[in-house]
Amino acid sequence: MVAFGKKLKERSIQEWQGYYINYKLMKKKVKQYVRQLQGGNQERRNVLKDFSRMLDNQIEKIALFMLEQQGLLASRLQKLRESRDALQEEPDISHVANLKEEYRAVGQDLLKLLFFIEMNAIGIRKILKKFDKRFGFRFTNYYVKTRANHPYSELQQVFRHVGLGAVVGAVSRNLHELQNSHGSYLSIYDQPVLPLHDPVVDSIRAAVDRLTRSTNFLNFMAQHALIIQEELPSPQDEEADEEDGRYHFMSLLLNLVNTFLYMVNTYIIVPTADDYSMSLGAAATVCGVVIGAMAVAQLFSSVYFSAWSNKSYFKPLIFSSIVLFIGNLLYALAFDFNSIAVLLIGRLFCGLGSARAVNRRYISDCVPLKIRMQASAGFVSASALGMACGPALAGLLQTRFEICNLTFNQDTLPGWVMAVAWLFYLVWLAISFREPAREPEEIHNTSEESHNNSEAVEDGNLEKGLQQRLLLTSEEIEEQVEDDCDGSEKASQDSRTPANSIVAAYRLLTPSVKVQLLIYFMLKYAMEILLSESSVITTYYFGWSTSSVAIFLACLGLTVLPVNLVVGSYISNMFEDRQILLVSEIMVCVGILLSFHVVVPYTVPQYVCSGLIMFVSAEVLEGVNLSLLSRVMSSRLSRGTYNGGLLSTEAGTIARVIADVTITVAGYFGRSMLLNVTLLPSLVICVLSIVATCFTYNSLY
């Protein structure tokens, strides 16, 4: 892993060397400030003032040089415009070819300028983060707030690359028209869906994409997956990523289908689990154990699948499909065997087939950088759609018939349907999946190297101050031992070594990260209580049929994508993530309070509205919480078997297990007490998480 200062020196354009941010000087100044403050030779106020002035000067140097280069490019384009006008009066094929080459030359220089901006933008973000880290002071908040929206802000020149859009447009449009000079003269504005296939324009588009990668919605969705991306890939890196044989579209599609089917498998039994339990002679509330059995097994499967993905992706997915096929088959056959034990074993098998760790790892390791965010968002979208489709599908399976003494009804059909689905998926997987190429040493060292460039740290305050995400996929480069004055080689190696056990990973968690995992635990617990007991509660209070329960759960699941669209595209640009976090926790608490049965009668509007408030607030909370978590997670937890994604998965899975056990235990108090007894722990945990958030509020990004 190369430190940013060294990378900046290696990748900077030599003739522009004096116009880059002087990162080395500023880093030394930060260390000097620390020594001066520790020695009592300097006041904090003076340090802040001096550092602000120095950073202002650096940004002014960058911005003025950018304007100068933009002017030179504009001047060259103006001269080419004159040649273009003359060519229209007297067409000449040879002149057209020469003019196209001259436009391409301008495009090449534009690429240099875009890369110059990218390097400096990252340098500014890194030095601000370094200053905050060393001084424990939220200097970034102050600096961005006072500079970002000022009418004379030079910071906007760097982070909004003001004016460059016109240059990009001029090069692209003229090359498009010259390429079609022999036929139609329709411009790019008339044919927006027909992109120009020109190497220079493609490179420009890729460079701009790295600065303004996708949309806030895609970025927000991608963060749900906790799939961390590299910072500052060069065009050569991206080309090598595509050509190394690791990426295969059909394999990625199969990976996402696995994610979708697993979520369908998880929630397809929720509307009928209580009926199935009763048909086998158990209490309706045993549905909590039936639903939770899958989560219990997932606690173990997450670990071994995470470790297995260090060596292979194909074999774990094959194993997952086989185990899930067997699990669903047992679930369906439990009715004819009249055995609750077979039912539970079937659900345990389904949990043992949970390959979500492989799904995440495949996207992180094998998808090219330029589409990794879309793939991450696809992972989250597939999960959300599976969550909605599961109950909806259960609602459609309201029939009963027998074939060869096997019973097919609303209880067993979910198992039969999913068994067939996994069988078809297994065949498709065996035919179409391609194991990514691996270097021999990579197979043994993946746990240390597969994510060595993947510390996901984006300065949310900087982005929100500017109201535009310029470097959505340019994550913060892994912090090096350069932060230490005497940093030794051993310390450098230790800083990159991933955790080798769950206990070691837990010890790396800071108090703020522990609070965020508590929040994740709370929201998963509350959501599982709401979903798992929905069939029992609605049948007892309202006499709902299985179809009605399925429609209710499907509608809840369908809110996931629209809610994330609103939060990712609008709300996250208007408020700080930590503000949204706290408000969302409070709204979850409000939803829980409104769900209690304290008035008679308990009405459908009360249940539906409170459930909707709780579920939607929890969805918002999950997205923002994981976004924050990805920024403050230790770099040692961004890779290896025991990574941050595994910790969050385990926290959520434990919450689901405890919630499902709570439902079953609460059943001993009778159905009339079930709702309030299960909501009480949710309320207590929610209040504790709110209190913990208030104590750590200032330490959250």
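**Notebook: aromatic rings**

I started at F433, which is buried, with a relative accessible area of 9%. The cut-off for buried is under 20%, so F433 falls on that side. I kept in mind that this is a predicted model.

Next I asked which ring F433 pairs with. I found F314, and the two form a stacked aromatic pair. Their centres are 5.8 Å apart, with 20° between the planes.

I then looked up where the partners sit. F314 lies in helix α14, while F433 is in the loop between α18 (413-432) and α19 (440-449). The pair therefore ties together parts that are 119 residues apart in sequence.

I widened the search to the whole structure. It gave 31 aromatic pairs. One of them joins Y276 and F335. I logged this pair as tilted, at 6.3 Å centre to centre and 45° between the planes. Y276 belongs to helix α12 (residues 273-279) and F335 to helix α14 (residues 314-337). This pair links distant parts of the chain, 59 residues apart. I checked the accessibility of Y276 too: at 0% relative accessibility, Y276 counts as buried.

Which residues make up one aromatic cluster? I listed Y540, Y541, F542, W544, F552, Y602 and Y607.

My last entry concerns a charge and a ring. The charged end of K112 sits over the ring of W16. I wrote down 5.3 Å from the charged end of K112 to the centre of that ring.

How values were computed:
Residues numbered from 1 in each chain as written. Predicted model: local features only at pLDDT ≥ 70, side-chain atom pairs only at ≥ 80, totals over all residues. Heavy atoms only, no water. Phe/Tyr/Trp six-rings, centres within 6.5 Å; stacked < 30°, edge-to-face > 60°. Helix = DSSP H or I, 4+ residues; strand = E, 2+ residues; numbered from the N terminus. Buried < 20%, exposed > 50% of the residue type's maximum accessible area, 1.4 Å probe, protein only. Lys NZ or Arg CZ within 6 Å of the ring centre and 35° of its normal.
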